[in-house]
Structures are given as C-alpha cells and as structure tokens.
Amino acid sequence: MAYRFEQGESVEAGFRRIADEQLGKIVGRLKRQRDGVTTIHDARKSLKRLKALLKLLRQGVSKKDYRREYETVRDAGRLLSGARDFEVMPDTLASLAAVSEGLDKAAVREVDTALERAKRDFEQGWDRNQAVDEAVEELSASRKRFRKIAVKDDFEIVAKGAGKCLAVLRSQGAHALASGHDEDFHEWRKSAQLHWRHLKLLTGVWPELMTARLTMTRALADVLGHDHDLAVLRHFMDQIPDSELEASGRRSLEDGIKARQHELRREARAYSGLLIIDKPSGFSERLCAYRAAQEKIAALDARHAQIQPDEAGE
C-alpha cells in the first residue's frame, strides 16, 4: 500500500502498516541486491520515511520506544550513507558547468579528477558488506519491535505533530535567509523534506486539497537540496591542495557556486513565502477538520450504498 494513512484507517493501524512495509522493503532489498547503488539509495529513502513517521507520532508513543527506534533507524542510515557525496558531487559539478557561463573548464576537469580519486580512496576503506549486514540485523530486530509499540489512536496527535514540524520549517527558513550560512540552509532543507513526507503521509485525509501544498513543499526541498549539494562541493574543493587546482580556476568555480546558490535561495524564498502563510496551529486544526469531514462523507456514502433501488426511486 501507499506511504500514507488511508481514509478510514485508524492511526494505530496505519502506523503499524506503514512501518512494517518500509522496514520489510529495506531488509528485503538489502538481502537480495546489496551491491547496487540504487538499492542503498532506496533503503536510505525508506529510512527517512520511517524517521518522518516517528516524528509525526512522537507524542503518540512512549519516549522509550521513540528514542530506541529513532536511534536505530538513524544509525542504520549512517551505516548505509557510504559514498553518497562522492556519487552526487560529479553530477553537481556537471550541472554547475552547464548553467554557468565563463566557468574555467580546466578547473572543472581538475575537480572531477580529484573526485574520482577521492571516491576510490573512500571505497577502499569502506566495508559495504559489513555495513549492510549490520543494518539488516538492526532493522530486522526493529521491525519486530515496531509491531508491538503501543500507539495512541488519536488523529489530533498526528495533526499536532505535523503542526510542530511546520513551526520548525518556518523558523529555520527565517533563520537561514537571515544568516545566509550553508549550515542553516541545510537544516532548513531537512525540515522541508520532513514537512513534505508528513504531507505524503497525510494526503489521504483529503487528496485534492493536499496536493498543491505537497507539490510546493517538494519544490522547496528540491531547491534547497541543490543548494546543499553545491555547499558540499565547495567544501570538497577547499580540501584540494593548490598544487592540484590553480588559484584562478578555484576562484572561477567558487564564483560560479556563489552565483548559483544566490539564484536557488531566491527561489527558496519565493516557495517558502507561499508555505508559511499557514500558521502551525491553523494547519493542525484544518487537518482535523479534513479528517472529520472525510469520515462524515464516508458514512454518507455507506448509507447511500445501502439504499435499495426501489427506495431511491420513492
């Protein structure tokens, strides 16, 4: 089934189903196709979905259960992070070269060569099989525990959890735009991704009304993701010795990154302006109202389905 609470599904049932589906998907794929880059990438995405689910229901489970399973999922993600940055940076560099006029082509080649060398060095020191084995063992145990977690079956808890995370998105966005620091934009990106996953989980309460916000939040998360990738690339460049990257080429790339980030951050400000119109408390209240309305509609539909043809014609 989909990564969302279905209409008519209780909070408790949805929590257990979604967690079990995501953990089953991760463990199954890691056991079957542990060598694939796509497998690791998909596993890490499912782990992020699990963390989002836990944060949404944070007040609906015990502190002990929340902390234990959140830390398990977080640590498994770190085990599988591997060479993620080295896989992304070449694409980031190529994209930068494609959209930036006057970029030093020799410098692009020098950084690309340094990336290839760094990726080889990292992979030689990373035991992929051991990392996968540890992740599978921990997540298999977590799957069994998830099935037994006591969950408060109260949608208001879910709605308030989504509202609290929206509040974080709003505050981190304001802070990042004010400071301009890469680290602050990275935190904003994580809160945007979290809000987007919460919207996916809650789309079932009223799909037609949630889709526009879901699309806008995904756009914000994507823009901030590109910004973060450029920050990671710049950090990598800082570690390249001058003997391997000429000063003029380094300046050309740094200027290109700065200009591209300026464009991306202007886009992020625009998307954010549309999303923060909603206050967290109002957003939570509206989710509860959507849920209540959908339950009434479902009850009416069920009642109409029971009406016999001759009754309908009277």
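Visitor: Which residues are buried in α3?

Guide: Buried means under 20% relative accessible area, exposed means over 50%, and partly exposed is in between (1.4 Å probe, protein chains only). In α3, that gives D65, Y66, E69, Y70, T72, V73, A76, G77 and L80 as buried. Bear in mind that this is a predicted model, where local features need pLDDT of at least 70, side-chain atom pairs count only at pLDDT 80 or more, and totals for chains, interfaces and linings use all residues. Residues are numbered from 1 along each chain as its sequence is written, and side-chain values use heavy atoms, with hydrogens and water left out.

Visitor: Where do the buried residues fall, seen down the axis of α3?

Guide: For an arc, take the directions from the helix axis to the C-beta atoms. Here the buried residues of α3 fall within an arc of 155°, so they line one face of the helix. The face turned away from that buried side carries the exposed residues K63, K64 and R78.

Visitor: What covers the buried residues of α3?

Guide: The cover includes α1 (11-32), α2 (37-56) and α6 (128-146). Helices (H or I, at least four residues) and strands (E, at least two) are DSSP runs, numbered from the N terminus.

Visitor: What should helix α3 span?

Guide: The expected span is 1.5 Å times one less than the number of residues. Helix α3 (residues 63-81) has 19 residues and should span 27 Å, which agrees with its end C-alpha atoms being 27 Å apart. After α3 comes G82, with a positive phi near 45°.

Visitor: At what angle do α4 and α9 pack?

Guide: Axes are lines fitted to C-alpha atoms, for helices over the stretch in contact, and angles run from 0 to 180 degrees between N-to-C directions. Under 35 degrees is roughly parallel, over 145 roughly antiparallel, 65 to 115 roughly perpendicular, and the rest oblique. Helix α4 (residues 84-99) and helix α9 (residues 207-238) pack at about 100°, with axes 9 Å apart, and are therefore roughly perpendicular to each other. Contact means heavy atoms within 4.5 Å; among the residues making it are F86, V88 and M89 of α4 and L230, V232 and F236 of α9.

Visitor: Is S191 buried or exposed?

Guide: At 6% relative accessibility, S191 counts as buried. S191 sits in helix α8 (residues 182-202) and touches V168, L169 and Q172, leaving out residues up to four places away in sequence.
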